Structure formats: structure tokens, C-alpha cells
Amino acid sequence: MKAVRSMVLVSSDAESIALGANEVFSAFQQKIQDYGLSDEISISFISDIGHNSAAPLVIIYPEAVIYGPVKPDDVLDIVEEHLDKGHIVERKLVPAHELSEHLAWLSSRKGTLPAENRIVLKNVGLIDPENIEDYIALDGYQALGTVLGKTPAETIGIIKDSGLRGRGGAGFPTGLKWSFVAKTHIDKKYVVCNADESEPGTFKDRLVLEGDPHAIIEAMAIAAYAVGADEGYVYIRGEYGLAIERMKVAIKQAREYGLLGKNIFSSKFSFDLHVHAGAGAYICGEETALIESIEGKRGEPRSRPPYPTTFGLWGKPTLVNNVETLANIPAIIRNGADWYRSIGTPSSPGTKVYTILGNVNVTGLIEVPMGITLREVITIYAKGMKGGTFKMAQTGGSSGSIIPANLQDTPMDFDSFKTASVSLGSGALLICNQEICVVDLAKVLLNFFRFESCGKCNPCRIGCQKSFEILSNIAEGIGTLQDLEDLQMMADQLYELSNCGLGQTAGSPLKDILTYFHAEVESHIRLKVCPADTCPMSGKTIYQVGQEVKITREQGA
Amino acid sequence: MPTIKSLDDLTRIREEVLKKQELITTSGKTEIIVGMGTVGRATGTQEILTAILSYIEEHNLGNVIVRQTGDMGLDSFEPVIQVILPGKERVTYGKLNPEIVKSILSNHVIGGKIIEEFKVER
């Protein structure tokens with residue numbers, strides 16, 4: 001296991017190279033070796049650093065300190081003072097006015113380690129989930145009691161002010177969604193918790209459900225009071241046996257304590273909760289399919305509009321929120337909107353739970369403020385790459401975006417990712433090293449989607465199947481250049497024409513791969529070579545200018 | 001079973017529970033907390049739990065409380081347990097098997113010596 005203590009990044013855009021970035025790089029290598037720090041410090045080039053006039057820049061993680069302009073003569077000072085002794089070399093820091101965009105943002109946090117900050121997972125791993133008293137001892141149900149003394153409009157106001165955005169992937173403002181449901185004048189409304197966490201690689205909701213089920217009950221009761229609902233469903237995916245079991249125990253206990261049922265806290269508010277287990281369909285994570293599934297119908301998405309906020313479960317206004325979103329609610333009510341706004345970035349306040357998996361030394365789960373960069377997650381929490389260098393990451397499970405190496409320093413929040421035209425998704429971070437082939441990855445993903453597509457609309461049903469076939473051909477070494485165009489078209493049309501989120505996002509990893517790794521896909525077709533040596537290229541017979549050519553891997557390599 | 005009718009009721013129960021928990025910590029009892037989430041169960045916390053309980057029975061350790069909790073987010077280190085000696089910091093151990101757990105019980109819980117080898121830094 002190789003974990004580095006610090007990471008040195010030297011800018012390598014054209015301007016930096018012209019001003020001597022290469023010399024600075026080799027000086028760093030030399031000095032780091034002289035000080036015997038080679039095992040503890042990694043050094044690499046970074047290409048995308050945005051506009052600045054202090055090139056070449058040197059960024060040192062984990063402190064996120066930016067030096068510049070750095071000359072080879074300055075390297076000794078930086079290595080001796082910063083890397084060896086741990087003091088920041090103030091006189092070489094980049095002048096603040098030279099920085100723009102995310103460099104400015106990085107610099108604003110210098111000296112602060114992006115520490116884990118647990119809001120959603122505060123009690124998870126500390127309390128006994130099957131004992132309500134443990135939860136009450138840690139301020140549990142205080143927020144519900146407080147809210148019942150306020151008006152529903154005030155409660156929605158707090159959530160709106162906090163800037164909380166839905167953590168299911170799309171990032172829709174939660175307060176706004178609540179107000180949509182609250183605005184409808186219908187006697188019966190529902191609150192539904194979407195715990196059908198079927199995105200491969202995501203298991204953040206499972207931890208909350210298993211470790212702190214009362215937080216969800218409390219949050220749903222608060223939501224129900226705010227929107228005027230009196231009944232709720234927790235839709236848990238069928239595979240989460242333990243989560244279902246613990247949620248049922250928790251609901252039973254809450255009923256016994258009078259925290260669910262009629263006239264909660266002697267108020268006029270009544271609320272009860274049911275658990276509904278899914279049957280293992282990926283599509284049921286989509287909110288309208290989930291609603292259909294609760295109603296006992298086939299899990300197929302509805303046409304929208306009308307949205308569930310006006311026409312949801314049994315035709316009544318329904319609030320559907322993700323587990324992680326709900327788990328934030330009690331803490332926001334207890335500590336106030338301003339407190340929540342002080343964490344994370346201005347456009348995406350709060351924390352995000354990430355599940356780390358793939359080619360890294362430590363996998364597992366972290367909760368960090370919004371706006372941390374991927375590079376920091378890998379270096380600090382995942383303790384570095386395993387078996388090679390960083391090639392790409394996929395955020396947000398199968399339907400998420402592929403993040404190439406040059407976007408590693410993009411702050412992970414909803415808006416920065418949107419600007420970079422990638423999506424944050426549900427919070428799974430699949431980290432891949434250079435041994436992972438992009439064609440193989442896309443093939444595996446599309447294989448998943450072609451099975452999970454519900455089949456209701458043609459673009460998704462046929463598009464996923466067809467894309468998978470093309471990718472299989474490319475992997476076998478019998479792809480053509482026309483296939484590349486077809487794939488691009490398929491990825492675009494999946495997004496444009498599909499009925500629901502499944503089809504719309506199924507093409508996004510494909511699109512990203514064609515954007516960022518076009519050359520690698522092309523080499524499968526033109527050279528019949530898989531650069532990562534993963535694809536079978538199994539020697540299928542192909543015809544070239546009327547002549548039979550047998551392709552084998554030896555020939556290709 | 002107390003029914004909560006108001007915020008005061010809730011605060012009262014909260015204080016009662018805190019008092020109960022404080023009694024545990026000041027009574028000089030050691031707490032062992034076993035992570036019993038899905039990952040924990042899959043990697044064998046059930047056996048760890050059995051090992052702990054049988055060790056306690058064998059050695060007549062009257063002052064140890066064993067509790068369960070959910071996953072702690074340390075999936076690479078499962079199975080995970082936490083040991084809290086009275087008045088001491090919480091120590092997390094990972095990558096355990098029943099044999100290691102027995103040595104933790106004899107060295108740390110009885111002897112008070114932390115086994116650095118299996119300690120997980122958070």
C-alpha cells in the first residue's frame with residue numbers, strides 16, 4: 001500500500017512550459033530525492049488550471065497551497081520549508097488578484113484541511129439503531145417538537161433559507177419542492193422517502209437506514225407537517241433486508257413513544273408511516289415509477305407533467321425525498337439555516353456523503369463539505385491510488401459522469417460540476433486507474449442499462465440494447481468508424497428522447513467517454529488494439545478490402 | 001412505556017437516558033461496540049460478537065457492556081469494533097477475526113494496553 005503524505009502539482013499549460021515548468025518539475029524531483037522524501041511525496045503535472053499570469057504554478061496538497069510564479073531556484077525553499085518542515089512559504093504564494101475561478105476558490109481555503117464533517121452520518125456508528133432512547137439522548141425528536149410550535153410556512157422558510165438541495169442526484173432545491181406540495185389544496189397528501197438506492201456502487205442511504213433510522217422518521221414527520229400530509233411511505237429496496245428490519249423496529253418504537261400516530265406532541269398533527277419493500281428493479285428509484293410500485297402496479301415511469309407534487313401517490317400531491325436529503329432536515333431545524341449555509345459552497349451548502357470504491361487503497365464512506373475536489377478525496381481519504389495512476393472516475397453510479405484526469409480539481413458541488421458539463425449524481429465515486437479500458441467500462445454499464453430499462457419507451461429500450469451491441473463489437477475488434485458516429489448519435493438521442501431519468505442518463509457515461517477518451521475508442525477500431533489490454537479482441541474474423549484477415553492480440557499489440 | 005406528549009416529556013426522557021448512560025461510564029464499565037451493518041455482517045461480525053460474549057462468560061467479566069451499532073463507513077476495515085475503557089478515548093479496531101478479538105479483550109479490555117497493529121485511525 002502506497003499512500004503519499006503530500007502531493008505536488010506543477011502547471012503544464014503552454015504558458016507555464018514556456019516559462020520553465022519543466023525545469024521546475026525536474027528541480028522538484030531532484031530536491032525531493034535529496035531530502036529522502038520520495039516515498040512520501042508524489043509529484044505530477046496538471047494541465048487545466050484556468051487563466052492566471054503567475055505561471056508556472058505549483059499547487060501542494062493536502063493544504064491546497066498555491067505558489068507562483070515559481071523559478072527553479074525557489075524549489076529548494078519550498079521543499080525545505082514546506083514539504084520537510086511543514087511551514088508555508090508566505091513570500092512565494094500567488095498574489096490573490098492573479099487567481100481566478102476555482103484556483104481562487106482553492107486558495108481561499110489554504111491551510112485548512114478539508115476535514116470530515118458529519119451531519120447526515122452524525123449518529124451512524126455511535127448509537128444502537130434498535131434503541132430509540134439512544135437517538136433521543138443525542139437530541140433526537142427535538143427538531144420535530146420545535147417544528148410543531150411553528151407554522152408550516154415558517155418550517156418551509158427555514159429549509160428554503162438553508163439552501164438544501166436534493167441529494168438523490170439532480171440537486172433540486174428541497175424547500176421549493178416542499179412549497180409546491182404545501183401549495184396544493186387537497187385534503188390528503190403523502191410523504192414518500194426514496195430509499196430505493198439501486199445505483200450501483202452507492203450505499204450511503206443503507207448506512208443511514210441501518211445506523212440511524214429514527215432520523216428518517218423524524219425528518220419525514222417534519223416534512224409531513226410542513227406540507228400538510230398525514231401519511232408516509234418509506235420505499236426501501238428489497239435487497240436491504242437489514243435496513244427494512246431496522247426501519248420497522250424503529251417505526252414500532254416511535255409509535256409506542258407517541259412520536260408517530262395521532263396528535264403528536266399533543267398537537268393537531270397526526271402522522272403515520274409504512275415501510276414498502278421494492279423488488280429489486282433499478283427503475284423504481286425514479287420517483288414516478290416508485291409511486292406506481294407502491295400502488296401495486298408495474299414499475300414504469302409516468303408521463304410528466306403532472307408532477308408528483310400535484311398528482312402523485314393514488315393521485316394525491318406527494319413529496320418524494322431521498323434518504324440523505326431527509327437526514328439533513330433535523331440538523332437544519334435544530335441549528336438553523338445560517339449554520340447550514342456556513343458549510344459547503346454558497347450554491348450547494350452542506351455536506352455530501354460519498355462512497356469511494358475502485359482502484360484506491362481505502363474504500364468506504366466519507367461525509368465531507370460540498371466543494372471538496374476529487375483529487376483531495378483520493379489523496380486524503382482514499383489514501384492514494386492502488387496499482388497505477390489516476391485515469392478517470394465515475395461519479396454517481398452507473399448513470400453518472402466520467403471525470404477525466406484534467407477535471408480532478410473541479411470543486412464537487414452541483415453548480416461547478418454543471419459548469420464543467422458533468423454531474424455529481426448520487427455520490428458514488430468509482431476511481432479507475434490506467435488498467436481500466438473505457439470501452440469495457442462503457443460495455444459493462446450499457447449491459448446494466450439494457451437489462452434495467454423498463455421497456456416503456458423506444459429510445460431507451462432499443463438505444464441501450466443497440467449501444468451495447470456496438471460496444472461489444474468494438475471490444476471484439478470488429479468495430480467500424482461508422483460505429484463511432486452511431487454511438488454518438490445514440491448517446492445524444494437517449495438523452496433527448498427518453499421518457500425518464502433512466503434513459504436520459506444512460507447515455508451520459510457513453511457521451512463522456514466519446515468526449516474525453518475518443519482516441520482510446522478509436523484505437524480499438526483503427527489499430528485493433530486495446531491500450532489497457534482488457535478487451536478480448538478475440539480474433540474474430542474481419543474482412544478488409546475483400547481479403548480475410550485474422551486479428552489476434554499478438555498482432556494487435 | 002412513556003408516551004411523549006410535549007417537548008418537556010422529550011427533554012425529561014432525554015435526561016433520564018443521559019443519566020443512565022453517565023451511570024454506565026462512571027460505574028467503571030467498559031463498553032464494546034460492534035458494527036452490525038450489512039458489510040459488518042457479511043464479513044463476520046456475528047462470529048466476532050459470539051467470540052466476545054463467550055470470552056466474557058469464560059472470564060467472568062462483569063463490568064463489560066456489549067452494544068451494537070450500524071456501519072461506520074470503514075468498509076475496507078470491516079469487521080470493526082470499538083472499545084471504550086472507562087474515562088478513556090474511543091478506540092476503533094478493524095480487520096478482525098475471533099482470534100484477534102480475544103487478544104484485544106485480554107490485552108486491551110483487561111490489560112488496558114491498546115494494540116496498535118489493528119487500530120484504525122480515523
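Me: Leaving aside its neighbours within four places in sequence, which residues is B:Arg41 in contact with?

Reply: A contact here is judged from C-beta atoms within 7 Å of each other. In this predicted model, once the neighbours within four places in sequence are set aside, B:Arg41 is in contact with A:Leu242, B:Met36 and B:Gln46. B:Arg41 itself has its place in helix 2 of chain B, which covers residues 38–43, and its C-alpha atom is separated by 7.8 Å from that of B:Pro79, a residue 38 places away along the chain.

Me: Why does B:Arg41 count as partly exposed?

Reply: The class follows from a count of surrounding C-beta atoms, where 20 or more within 10 Å make a residue buried and 12 or fewer make it exposed. B:Arg41 has 18 C-beta neighbours inside 10 Å, and therefore it counts as partly exposed.

Me: What does chain B look like as a whole, and in what order do its elements run?

Reply: Chain B has four helices and four strands, and from the N terminus on they follow the order α-β-α-α-β-β-β-α. Along its principal axes the C-alpha trace of chain B spans about 50 × 30 × 25 Å, and of the 122 residues in the chain 31% are buried. Among the contacts in chain B that join residues at least 6 apart in sequence, 66% link residues at least 24 apart.

Me: What confidence scores accompany chain B and the model?

Reply: Where pLDDT is low, the predicted coordinates should not be read in detail. For chain B the mean pLDDT is 83, with 97% of its residues reaching 70 or more, while the model scores ipTM 0.79 and pTM 0.81.

Me: How many residues of each chain are in contact with the other chain, and which elements of chain A supply them?

Reply: The size of an interface is often given as the accessible area lost when the parts come together. Counted by residues instead, 30 residues of chain A are in contact with 27 residues of chain B. On the side of chain A that touches chain B, at least two residues each come from helix 5 (132–137), helix 6 (142–147), helix 9 (204–211), helix 11 (241–256) and strand 10 (364–369). Helix 9 of chain A gives the largest share, four residues, and the residues of this side of chain A divide into 16 nonpolar, eight polar and six charged.

Me: Into which domains is chain A divided?

Reply: Chain A is divided into domain 1 (6–108), domain 2 (132–339), domain 3 (351–433) and domain 4 (439–556). Taken over C-alpha atoms, the centres of domain 1 and domain 2 of chain A are separated by 47 Å.

Me: How should I read the sheet of chain A with the order 2-1-3-4, and why is one side of strand 2 and of strand 4 left without a neighbour?

Reply: The order lists the strands as they lie side by side, and in chain A four strands form this open sheet with mixed pairing. Strand 2 (41–46) and strand 4 (65–67) of chain A stand at the edges with a single partner strand each, so one side of each has no neighbour in the sheet. From one strand to the next the twist averages 20 degrees. Within the sheet, strand 1 (residues 6–11) and strand 3 (residues 58–61) of chain A pair in the antiparallel sense over four bridges, and A:Val10 stands opposite A:Val58 in strand 3. Helix 2 (residues 21–34) of chain A lies across strand 1, strand 2 and strand 3, running at about 160 degrees to strand 1.

Me: How does the sheet of chain A with the order 7-6-5-8 pair?

Reply: This open sheet of four strands has parallel pairing, and its edge strands are strand 7 (272–277) and strand 8 (318–322) of chain A, each pairing on one side only. Strand 6 (residues 231–236) and strand 7 of chain A are joined over six bridges in the parallel sense, with A:Val234 opposite A:Val275 in strand 7. Helix 13 (residues 323–335) of chain A lies across strand 5 (190–195) and strand 8, running at about 95 degrees to strand 8.

Me: Is strand 9 of chain A largely enclosed or left open by the rest of the structure, and which strands pair with it?

Reply: Eight of the eight residues of strand 9 (residues 351–358) of chain A are buried, so this strand is largely enclosed by the rest of the structure. Strand 9 pairs with strand 10 of chain A in the antiparallel sense over six bridges, the two forming a hairpin with five residues between them, and with strand 13 (residues 428–433) of chain A in the parallel sense over four bridges. A:Ile356 has A:Gly364 as its bridge partner in strand 10 and stands opposite A:Leu429 in strand 13.

Definitions and conventions:
Residues are numbered from 1 along each chain as its sequence is written. Chains are lettered from A and ligands numbered from 1 in the order in which they are written. This is a predicted model: local features need pLDDT of at least 70, side-chain atom pairs count only at pLDDT 80 or more; totals for chains, interfaces and linings use all residues. Domain bounds come from an automatic or database domain assignment. Two strands pair if DSSP finds at least two bridges between them. Axes are lines fitted to C-alpha atoms, for helices over the stretch in contact, and angles run from 0 to 180 degrees between N-to-C directions. Two residues are in contact if their C-beta atoms, placed from the backbone, lie within 7 Å. pLDDT is the predictor's confidence in each residue, from 0 to 100. Ala, Val, Leu, Ile, Met, Phe, Trp, Tyr, Cys and Pro count as nonpolar, Asp, Glu, Lys and Arg as charged, and the others, Gly among them, as polar.
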